[in-house]
Amino acid sequence: MAPSDRTLLIVAAGRGTRAGGGLPKQYRPLGGRPIVARSIQAFDGLVDDVVLVIHPDDKALAEAACPGVRMVHGAQTRSGSVRAGLAAVTTDTVLIHDAARPLVPRHVIEGVIAALAHGPAAAPALPVTDALWRGATTVEGTQDRSGLWRAQTPQGFHTQPLRAAHAAFEGDAADDVEVARAHGLPVVITPGSDDNLKITTPGDFDRAERHMRERTTMDFRVGNGFDVHRFGDGDHVMLCGVRVPHGRGLQGHSDADVGLHTITDAVYGALAEGDIGTHFPPSDPQWKGAESGQFLRHAVDLAASRGFAIANVDCTLICEMPKIGPHAAAMRGRVADLMGLEVDRVSVKATTTERLGFAGRGEGIACQATVALVSK
Ligand SMILES: Nc1ccn([C@@H]2O[C@H](COP(=O)(O)OP(=O)(O)OP(=O)(O)O)[C@@H](O)[C@H]2O)c(=O)n1
Ligand SMILES: C[C@](O)(CO)[C@H](O)COP(=O)(O)O
């Protein structure tokens, strides 16, 4: 699902008194990263803008945890913090999310976004499944649980109606759904998830770490790519984003960079997202002579929007000529740049086919590549 004029408003101005532990809970680490950074990361590729609402005392902590993110100061209540954040929102829709819910699954966010296409407000929730009692130390009564829901975030809204609702609301509210409803806005319930736990008490940190570990071990992908381009007239070839002088050129609709095409296909393969022709059809004149780096960047962005980072790339060019060795370092650097990777995660190597076959006869260049993706 592509972003379209949508802001993520993260409320992180609370003190986390129930969580204890000194450092406000949203800045404590989860899987080695601050909780608030993970909450923002969960929305990668799904929003166009991010506004982080912080407590004035937490400026240094927030800047260290979320460098480059736009920040505003919050208020004493959650509703007040949301109002402060809304003043900085410039998009048509807004997703308001607790910094304390770092494990929100993508399908929960996508459910809210999809519902906003049909109405002004939507929020995820889970039906109450346990029996409900009233009482203090002994049970004094039971409560019918039918029609009761456990509210979660992100809560999504069309920005203007929500602003109006907040302007008209007096006092504090548990969440923005309460504010919106008080102003007459209908709110659609979308599917929540048990994984979307709100870190509230000390025991929640261990619970969240366990969830993190389960996710990390589960989400690992491998993709492979293979491509061939035929030699034609020309005085150079583009290989892995580098111009290599040669007595012949490679034929193709774009710049015919067989290396970048192969790596791009490997990323799409790992995502089960078809191949380069699916996303950039050769029948489309706009890709004539196109620089192939943009295809690779699209595939990497798509991986990020699915919650994956690239772990490494291994690419083998198959040809007799030109010689790849003198250019391999430049190729690794260019591929690393395009994919946002450290160079030591990119391998570019070459082999001949001992003068056998089309590559051996110098009719073209083949390439194969493997790419590994890990969940972020
Ligand atoms: N004045 C406030 C209060 C809460 N929040 C944010 O709203 C979210 C949900 O609140 P909660 O989990 O209750 O956090 P705290 O208020 O920090 O917790 P506590 O009540 O234990 O102090 C959190 O991300 C919190 O930082 C906020 O931005 N401004
Ligand atoms: C908004 C919220 O996350 C919905 O469940 C929740 O109400 C905020 O936290 P609090 O513990 O109620 O302050």
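Reader: How do the residues of the shell around ligand 2 divide into nonpolar, polar and charged?

Author: A note before that: this is a predicted model. To read a shell, list the residues around the ligand and sort them by kind. The shell around ligand 2 holds two nonpolar, three polar and four charged residues. The residues themselves are Arg78, Asp98, Ala151, Gln152, Thr153, Ala174, Asp175, Lys198 and Thr200.

Reader: How many residues surround ligand 1, and which are the closest?

Author: Ligand 1 is surrounded by 22 residues, and the closest are Val11, Ala13, Gly14, Arg18 and Ser81. Next, look for the elements they come from. Strand E1 (6-12) and helix H3 (78-86) are the elements that give two or more residues to this shell. Sorted by kind, the shell around ligand 1 has eight nonpolar, nine polar and five charged residues.

Reader: What does Leu9 touch, not counting residues up to four places away in sequence?

Author: On that count, Leu9 touches Val51, Val53, Val82, Gly85, Leu86, Val89, Val94, Leu95 and Ile96.

Reader: Which residues of helix H4 are buried?

Author: In a helix, ask which residues are buried, then what covers them. In H4 (residues 106-116), the buried ones include Val108, Ile109, Gly111, Val112, Ile113 and Leu116. Among the elements that cover them are strands E6 (93-98), E7 (121-127), E11 (155-158) and E12 (188-191).

Reader: Which residues does UniProt list for "binding site"?

Author: An unreviewed UniProt entry lists Asp227, His229 and His261. They are spread over 35 residues of sequence but cluster in space, with a largest C-alpha distance of 10.1 Å.

Reader: Why does His261 count as buried?

Author: The test is a count of neighbours, with 20 or more other C-beta atoms within 10 Å as the cut-off. His261 counts as buried because it has 27 C-beta neighbours inside 10 Å. His261 sits in helix H8 (residues 258-271). Leaving aside neighbours within four places in sequence, His261 is in contact with Asp227, Ile276, Ser292 and Phe295.

Reader: Is His229 buried or exposed?

Author: His229 is buried, because 22 other C-beta atoms lie within 10 Å. His229 belongs to strand E13 (residues 220-232).

Conventions: Residues numbered from 1 in each chain as written. Chains lettered and ligands numbered in written order. Predicted model: local features only at pLDDT ≥ 70, side-chain atom pairs only at ≥ 80, totals over all residues. Contact = placed C-beta atoms within 7 Å. Near = placed C-beta within 6 Å. Helix = DSSP H or I, 4+ residues; strand = E, 2+ residues; numbered from the N terminus. Nonpolar A, V, L, I, M, F, W, Y, C, P; charged D, E, K, R; others polar. Buried ≥ 20, exposed ≤ 12 C-beta atoms within 10 Å, placed from the backbone. UniProt positions renumbered as here; feature names shortened; annotations may be inferred.
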